[in-house]
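Student: I would like to learn how to read a structure like this one. Please take me through a few features in turn.

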Amino acid sequence: MALRKRPWQNVTGDLIGCVMHARFYSSKVDFNKLRPMILKRIESRAKDYPVRGMVPVAQEVLRARAALYQGVSTLLNVFPVMTCKFCPEVYIGEKGHLIQTCCGYKRRAKNRVHEWISGGLNDILVPVETFHLQNMFQDVIKHQQRFDFDRVPAVVELCWQAGANPYDEDMCSSNWNLENVSAAIEGAESLSPHELKLIANRTLRAWEILRTGVQKLLLVYSAKVCKYCSEVHVGPSGHKARLCGVFKYESWRGAHFWEKAEVDDLVPPKLVWKRRPQDPLVLLDAHRDFYGHAPAVVDLCTQAGIIAPTKYHCMMKVQGLSGPAQLKV
(Lines give C-alpha, C1' and ligand atoms only; values in the text may rest on other atoms or scores of the structure.)
Protein backbone atom coordinates (compact mmCIF):
# COMPACT_ATOMS: atom_id res chain seq x y z
CA MET A 1 0.00 0.00 0.00
CA ALA A 2 1.43 3.36 -1.05
CA LEU A 3 2.14 5.80 1.76
CA ARG A 4 0.28 9.10 1.55
CA LYS A 5 2.45 12.23 1.80
CA ARG A 6 1.53 14.74 4.41
CA PRO A 7 0.75 18.34 3.27
CA TRP A 8 3.67 19.84 5.15
CA GLN A 9 6.09 17.57 3.28
CA ASN A 10 4.98 19.04 -0.07
CA VAL A 11 5.39 22.57 1.23
CA THR A 12 8.88 21.80 2.51
CA GLY A 13 9.89 20.33 -0.84
CA ASP A 14 8.67 23.44 -2.67
CA LEU A 15 10.62 25.72 -0.35
CA ILE A 16 13.80 23.71 -0.82
CA GLY A 17 13.35 23.88 -4.59
CA CYS A 18 12.95 27.65 -4.47
CA VAL A 19 16.08 28.05 -2.38
CA MET A 20 18.07 25.81 -4.74
CA HIS A 21 17.13 27.92 -7.74
CA ALA A 22 17.41 31.28 -5.95
CA ARG A 23 19.92 33.81 -7.15
CA PHE A 24 21.93 35.58 -4.51
CA TYR A 25 23.05 39.17 -5.08
CA SER A 26 25.90 40.91 -3.39
CA SER A 27 24.94 43.67 -0.95
CA LYS A 28 28.09 45.65 -1.69
CA VAL A 29 27.10 48.73 -3.72
CA ASP A 30 29.47 51.49 -4.67
CA PHE A 31 27.38 54.60 -4.11
CA ASN A 32 30.18 56.82 -5.38
CA LYS A 33 29.59 55.38 -8.85
CA LEU A 34 25.82 55.62 -8.54
CA ARG A 35 25.79 59.24 -7.34
CA PRO A 36 26.63 60.82 -10.76
CA MET A 37 23.98 58.65 -12.40
CA ILE A 38 21.37 59.71 -9.85
CA LEU A 39 22.22 63.40 -10.19
CA LYS A 40 22.08 63.18 -13.96
CA ARG A 41 18.69 61.51 -13.77
CA ILE A 42 17.40 64.26 -11.47
CA GLU A 43 18.65 66.97 -13.83
CA SER A 44 17.04 65.31 -16.83
CA ARG A 45 13.78 64.94 -14.94
CA ALA A 46 13.81 68.64 -14.03
CA LYS A 47 13.63 69.51 -17.74
CA ASP A 48 10.13 68.03 -17.90
CA TYR A 49 8.78 70.52 -15.34
CA PRO A 50 6.68 72.56 -15.21
CA VAL A 51 4.15 70.54 -17.15
CA ARG A 52 2.55 72.82 -19.74
CA GLY A 53 -0.86 71.21 -19.43
CA MET A 54 -1.01 71.99 -15.70
CA VAL A 55 -0.15 75.69 -15.98
CA PRO A 56 -3.79 76.74 -16.65
CA VAL A 57 -4.88 74.65 -13.66
CA ALA A 58 -2.38 76.43 -11.39
CA GLN A 59 -3.52 79.83 -12.66
CA GLU A 60 -7.14 78.89 -12.02
CA VAL A 61 -6.26 77.83 -8.49
CA LEU A 62 -4.63 81.20 -7.76
CA ARG A 63 -7.65 83.08 -9.09
CA ALA A 64 -10.00 80.90 -7.03
CA ARG A 65 -7.87 81.47 -3.93
CA ALA A 66 -8.04 85.24 -4.38
CA ALA A 67 -11.83 85.12 -4.86
CA LEU A 68 -12.20 82.84 -1.83
CA TYR A 69 -10.32 85.15 0.53
CA GLN A 70 -12.19 88.16 -0.77
CA GLY A 71 -15.58 86.48 -0.39
CA VAL A 72 -14.91 85.11 3.10
CA SER A 73 -13.60 88.51 4.25
CA THR A 74 -16.81 90.13 3.02
CA LEU A 75 -19.11 87.57 4.65
CA LEU A 76 -17.27 87.87 7.97
CA ASN A 77 -18.34 91.51 8.13
CA VAL A 78 -21.97 90.37 8.19
CA PHE A 79 -22.04 86.96 9.89
CA PRO A 80 -20.27 86.56 13.26
CA VAL A 81 -17.77 83.78 13.88
CA MET A 82 -16.83 82.53 17.32
CA THR A 83 -13.69 80.65 18.30
CA CYS A 84 -12.74 78.96 21.54
CA LYS A 85 -10.23 80.68 23.79
CA PHE A 86 -8.44 77.47 24.71
CA CYS A 87 -8.76 75.18 21.65
CA PRO A 88 -9.13 75.45 17.84
CA GLU A 89 -12.92 74.92 17.91
CA VAL A 90 -14.86 77.34 15.67
CA TYR A 91 -18.58 78.03 15.47
CA ILE A 92 -20.42 80.26 13.02
CA GLY A 93 -23.17 82.14 14.83
CA GLU A 94 -23.81 84.91 17.33
CA LYS A 95 -23.50 82.55 20.30
CA GLY A 96 -21.36 79.51 20.64
CA HIS A 97 -22.74 76.03 21.27
CA LEU A 98 -22.82 74.16 24.59
CA ILE A 99 -21.27 70.95 23.29
CA GLN A 100 -18.52 69.87 25.68
CA THR A 101 -15.63 69.16 23.33
CA CYS A 102 -13.02 71.62 24.58
CA CYS A 103 -9.63 69.90 24.80
CA GLY A 104 -8.12 72.94 26.50
CA TYR A 105 -4.56 73.25 27.70
CA LYS A 106 -2.52 70.34 28.97
CA ARG A 107 -3.41 70.89 32.63
CA ARG A 108 -7.06 71.77 32.01
CA ALA A 109 -9.81 69.21 32.33
CA LYS A 110 -10.93 67.70 29.05
CA ASN A 111 -14.41 67.75 27.48
CA ARG A 112 -15.45 71.08 28.97
CA VAL A 113 -17.73 73.81 27.66
CA HIS A 114 -15.93 76.19 25.31
CA GLU A 115 -15.16 79.78 26.25
CA TRP A 116 -16.04 81.73 23.13
CA ILE A 117 -14.36 84.84 21.73
CA SER A 118 -14.67 86.61 18.38
CA GLY A 119 -13.00 84.82 15.48
CA GLY A 120 -11.40 86.02 12.28
CA LEU A 121 -10.31 85.06 8.79
CA ASN A 122 -7.58 82.63 9.86
CA ASP A 123 -10.12 80.67 11.90
CA ILE A 124 -12.13 79.92 8.75
CA LEU A 125 -9.26 79.59 6.26
CA VAL A 126 -6.46 77.98 8.25
CA PRO A 127 -3.07 79.25 6.96
CA VAL A 128 -0.66 76.50 5.90
CA GLU A 129 2.86 77.71 5.09
CA THR A 130 5.87 75.99 3.61
CA PHE A 131 9.41 76.82 2.49
CA HIS A 132 9.70 78.56 -0.87
CA LEU A 133 12.09 76.71 -3.20
CA GLN A 134 14.00 78.50 -5.92
CA ASN A 135 14.12 75.26 -7.88
CA MET A 136 11.86 72.25 -7.62
CA PHE A 137 14.78 69.79 -7.62
CA GLN A 138 17.21 71.80 -5.52
CA ASP A 139 19.18 70.35 -2.61
CA VAL A 140 17.32 69.36 0.53
CA ILE A 141 16.99 72.21 3.05
CA LYS A 142 19.12 71.48 6.12
CA HIS A 143 18.35 72.53 9.67
CA GLN A 144 20.91 75.33 9.73
CA GLN A 145 19.47 76.71 6.45
CA ARG A 146 15.89 77.09 7.69
CA PHE A 147 16.18 80.89 8.01
CA ASP A 148 17.59 81.27 4.49
CA PHE A 149 14.27 80.42 2.83
CA ASP A 150 11.03 82.37 2.91
CA ARG A 151 7.80 80.88 4.20
CA VAL A 152 4.88 81.18 1.77
CA PRO A 153 1.38 79.67 1.64
CA ALA A 154 1.52 76.03 0.58
CA VAL A 155 -1.07 76.47 -2.20
CA VAL A 156 0.88 79.40 -3.64
CA GLU A 157 4.11 77.39 -3.58
CA LEU A 158 2.39 74.48 -5.32
CA CYS A 159 1.10 76.79 -8.06
CA TRP A 160 4.51 78.47 -8.25
CA GLN A 161 6.19 75.16 -9.00
CA ALA A 162 3.43 74.34 -11.48
CA GLY A 163 4.37 77.35 -13.61
CA ALA A 164 1.94 80.06 -12.41
CA ASN A 165 3.20 83.51 -11.43
CA PRO A 166 1.55 84.75 -8.20
CA TYR A 167 2.67 88.31 -8.96
CA ASP A 168 0.85 88.38 -12.30
CA GLU A 169 -1.86 91.06 -12.31
CA ASP A 170 -4.15 88.74 -14.26
CA MET A 171 -4.22 86.42 -11.25
CA CYS A 172 -6.25 89.06 -9.38
CA SER A 173 -3.75 88.95 -6.52
CA SER A 174 -0.72 91.14 -6.96
CA ASN A 175 -0.09 90.49 -3.27
CA TRP A 176 -0.25 86.72 -2.81
CA ASN A 177 -0.15 86.98 0.98
CA LEU A 178 -3.92 87.29 1.29
CA GLU A 179 -4.03 86.32 4.97
CA ASN A 180 -3.52 90.02 5.77
CA VAL A 181 -6.76 91.01 4.04
CA SER A 182 -9.02 92.97 6.36
CA ALA A 183 -12.20 94.31 4.82
CA ALA A 184 -12.73 93.16 1.25
CA ILE A 185 -15.66 95.43 0.48
CA GLU A 186 -16.41 98.66 2.32
CA GLY A 187 -19.92 98.86 3.69
CA ALA A 188 -20.53 95.11 3.55
CA GLU A 189 -23.10 95.46 6.36
CA SER A 190 -25.36 97.45 4.03
CA LEU A 191 -25.48 94.78 1.31
CA SER A 192 -28.90 93.42 0.42
CA PRO A 193 -29.74 89.73 0.98
CA HIS A 194 -29.63 89.16 -2.77
CA GLU A 195 -26.13 90.65 -3.00
CA LEU A 196 -24.98 88.55 -0.04
CA LYS A 197 -26.35 85.45 -1.72
CA LEU A 198 -24.41 86.24 -4.89
CA ILE A 199 -21.19 86.75 -2.92
CA ALA A 200 -21.75 83.51 -1.00
CA ASN A 201 -22.44 81.60 -4.22
CA ARG A 202 -19.25 82.95 -5.81
CA THR A 203 -17.27 82.17 -2.65
CA LEU A 204 -18.52 78.59 -2.47
CA ARG A 205 -17.75 78.07 -6.15
CA ALA A 206 -14.21 79.39 -5.57
CA TRP A 207 -13.84 76.97 -2.63
CA GLU A 208 -14.75 73.99 -4.82
CA ILE A 209 -12.49 75.15 -7.68
CA LEU A 210 -9.60 75.62 -5.26
CA ARG A 211 -9.85 72.14 -3.76
CA THR A 212 -10.43 70.44 -7.11
CA GLY A 213 -7.48 72.26 -8.67
CA VAL A 214 -5.14 71.41 -5.79
CA GLN A 215 -6.17 67.77 -6.10
CA LYS A 216 -5.26 67.82 -9.80
CA LEU A 217 -1.90 69.45 -9.11
CA LEU A 218 -1.05 66.86 -6.45
CA LEU A 219 -1.39 64.16 -9.09
CA VAL A 220 1.56 65.69 -10.97
CA TYR A 221 3.57 67.54 -8.31
CA SER A 222 4.74 66.02 -5.06
CA ALA A 223 3.92 67.40 -1.61
CA LYS A 224 4.79 65.97 1.79
CA VAL A 225 3.22 66.29 5.23
CA CYS A 226 4.66 65.28 8.57
CA LYS A 227 3.13 62.18 10.14
CA TYR A 228 3.12 63.67 13.64
CA CYS A 229 2.50 67.39 13.02
CA SER A 230 0.95 69.65 10.39
CA GLU A 231 4.20 70.72 8.68
CA VAL A 232 3.88 70.68 4.88
CA HIS A 233 6.64 70.69 2.28
CA VAL A 234 5.98 71.10 -1.44
CA GLY A 235 8.63 69.20 -3.36
CA PRO A 236 9.84 65.71 -4.22
CA SER A 237 11.43 65.25 -0.76
CA GLY A 238 10.91 66.81 2.64
CA HIS A 239 13.32 69.21 4.35
CA LYS A 240 15.62 68.40 7.25
CA ALA A 241 14.69 71.31 9.49
CA ARG A 242 14.02 69.88 12.95
CA LEU A 243 10.78 71.69 13.66
CA CYS A 244 8.47 68.84 14.66
CA GLY A 245 6.72 69.90 17.86
CA VAL A 246 5.68 66.46 19.04
CA PHE A 247 7.60 66.12 22.31
CA LYS A 248 6.76 62.42 22.43
CA TYR A 249 9.45 61.83 19.84
CA GLU A 250 12.26 63.87 21.39
CA SER A 251 14.79 61.14 20.63
CA TRP A 252 14.49 62.06 16.94
CA ARG A 253 15.60 65.66 17.71
CA GLY A 254 12.51 67.15 16.14
CA ALA A 255 12.99 65.59 12.70
CA HIS A 256 9.85 65.20 10.61
CA PHE A 257 8.48 61.87 9.37
CA TRP A 258 7.26 62.64 5.87
CA GLU A 259 4.38 61.02 4.03
CA LYS A 260 2.32 61.93 0.97
CA ALA A 261 0.17 65.02 1.43
CA GLU A 262 -3.50 65.19 0.48
CA VAL A 263 -5.83 68.06 -0.33
CA ASP A 264 -6.92 68.45 3.30
CA ASP A 265 -3.30 69.00 4.33
CA LEU A 266 -2.87 72.00 2.02
CA VAL A 267 -6.48 73.27 2.22
CA PRO A 268 -7.85 72.26 5.64
CA PRO A 269 -11.66 71.99 5.59
CA LYS A 270 -12.00 73.12 9.25
CA LEU A 271 -15.14 71.19 10.19
CA VAL A 272 -17.64 72.95 12.47
CA TRP A 273 -20.94 71.99 14.05
CA LYS A 274 -23.80 72.80 11.67
CA ARG A 275 -27.03 74.21 13.07
CA ARG A 276 -30.05 73.16 10.99
CA PRO A 277 -33.51 74.81 10.94
CA GLN A 278 -34.95 72.05 13.14
CA ASP A 279 -32.22 72.45 15.77
CA PRO A 280 -32.53 74.70 18.85
CA LEU A 281 -30.97 78.14 18.86
CA VAL A 282 -28.10 76.84 20.99
CA LEU A 283 -26.78 73.35 20.33
CA LEU A 284 -26.91 71.16 23.44
CA ASP A 285 -24.35 68.61 24.53
CA ALA A 286 -27.02 66.00 25.30
CA HIS A 287 -28.10 65.91 21.63
CA ARG A 288 -24.68 66.07 20.04
CA ASP A 289 -25.18 62.72 18.28
CA PHE A 290 -28.06 64.22 16.28
CA TYR A 291 -26.15 67.26 14.98
CA GLY A 292 -24.12 67.36 11.79
CA HIS A 293 -20.88 68.97 10.64
CA ALA A 294 -19.83 71.06 7.66
CA PRO A 295 -16.65 72.79 6.45
CA ALA A 296 -16.45 76.28 7.87
CA VAL A 297 -16.54 77.91 4.42
CA VAL A 298 -19.63 75.93 3.43
CA ASP A 299 -21.42 76.77 6.69
CA LEU A 300 -20.53 80.45 6.33
CA CYS A 301 -21.90 80.56 2.78
CA THR A 302 -25.13 78.80 3.76
CA GLN A 303 -25.72 81.52 6.36
CA ALA A 304 -26.33 83.85 3.40
CA GLY A 305 -29.19 81.66 2.14
CA ILE A 306 -27.60 79.42 -0.50
CA ILE A 307 -27.98 75.64 -0.54
CA ALA A 308 -24.91 73.52 0.17
CA PRO A 309 -23.79 71.04 -2.50
CA THR A 310 -25.31 67.59 -2.30
CA LYS A 311 -22.06 65.91 -1.32
CA TYR A 312 -22.16 67.71 2.05
CA HIS A 313 -25.75 66.73 2.94
CA CYS A 314 -24.78 63.43 4.54
CA MET A 315 -22.15 65.12 6.70
CA MET A 316 -24.59 67.89 7.66
CA LYS A 317 -27.44 65.43 8.46
CA VAL A 318 -29.84 67.72 6.62
CA GLN A 319 -32.91 65.53 7.11
CA GLY A 320 -31.85 64.22 10.52
CA LEU A 321 -33.72 64.56 13.79
CA SER A 322 -32.94 67.36 16.23
CA GLY A 323 -33.18 65.24 19.38
CA PRO A 324 -34.51 62.11 21.07
CA ALA A 325 -37.95 63.71 21.56
CA GLN A 326 -38.72 63.22 17.86
CA LEU A 327 -37.91 59.53 18.12
CA LYS A 328 -40.88 58.96 20.45
CA VAL A 329 -43.21 60.70 18.05
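**Reading the core, the pairs and the surface**

Student: Which residues does L266 touch?

Tutor: Contact means heavy atoms within 4.5 Å. Leaving aside residues up to four places away in sequence, L266 touches V128, A154, V155, L158, V214, L218, A223, V232 and A261. Before we go on: this is a predicted model, in which local features need pLDDT of at least 70 and side-chain atom pairs count only at pLDDT 80 or more, while totals for chains, interfaces and linings use all residues. Residues are numbered from 1 along each chain as its sequence is written, and side-chain values use heavy atoms, with hydrogens and water left out.

Student: How many residues does the largest nonpolar core have?

Tutor: A nonpolar core is a set of buried Ala, Val, Leu, Ile, Met, Phe, Trp, Tyr and Cys residues joined through side-chain atoms within 4.5 Å. Buried means under 20% relative accessible area, exposed over 50%, and partly exposed in between (1.4 Å probe, protein chains only). The largest core here has 59 residues, and L266 is among those with the most contacts inside it, as are I124, L125, W207, V214 and L217. Helix α6 (residues 193-218) gives the most to this core, with 10 residues. Helices (H or I, at least four residues) and strands (E, at least two) are DSSP runs, numbered from the N terminus.

Student: Why is helix α5 described as largely enclosed?

Tutor: Seven of the eight residues of α5 (residues 154-161) are buried, so the rest of the structure largely encloses this helix. The buried ones are A154, V155, V156, E157, L158, C159 and Q161. They pack against α3 (55-76), β4 (129-131), β5 (151-153), α6, β7 (232-234) and α7 (263-266). After α5 comes G163, with a positive phi near 110 degrees.

Student: How is a pair of aromatic rings described?

Tutor: By the distance of the centres and the angle of the planes. Rings of Phe, Tyr and Trp (its six-membered ring) pair if their centres lie within 6.5 Å; planes under 30 degrees apart count as stacked, over 60 as edge-to-face and the rest as tilted. The count by this rule is three aromatic pairs. Y91 and W116 make a tilted pair, because their ring centres are 6.4 Å apart and their planes stand at 50 degrees. Y91 is in strand β2 (residues 90-92) and W116 in strand β3 (residues 116-118), so this pair ties together parts 25 residues apart in sequence. W160 and Y167 have ring centres 5.9 Å apart and planes at 75 degrees, so that pair is edge-to-face.
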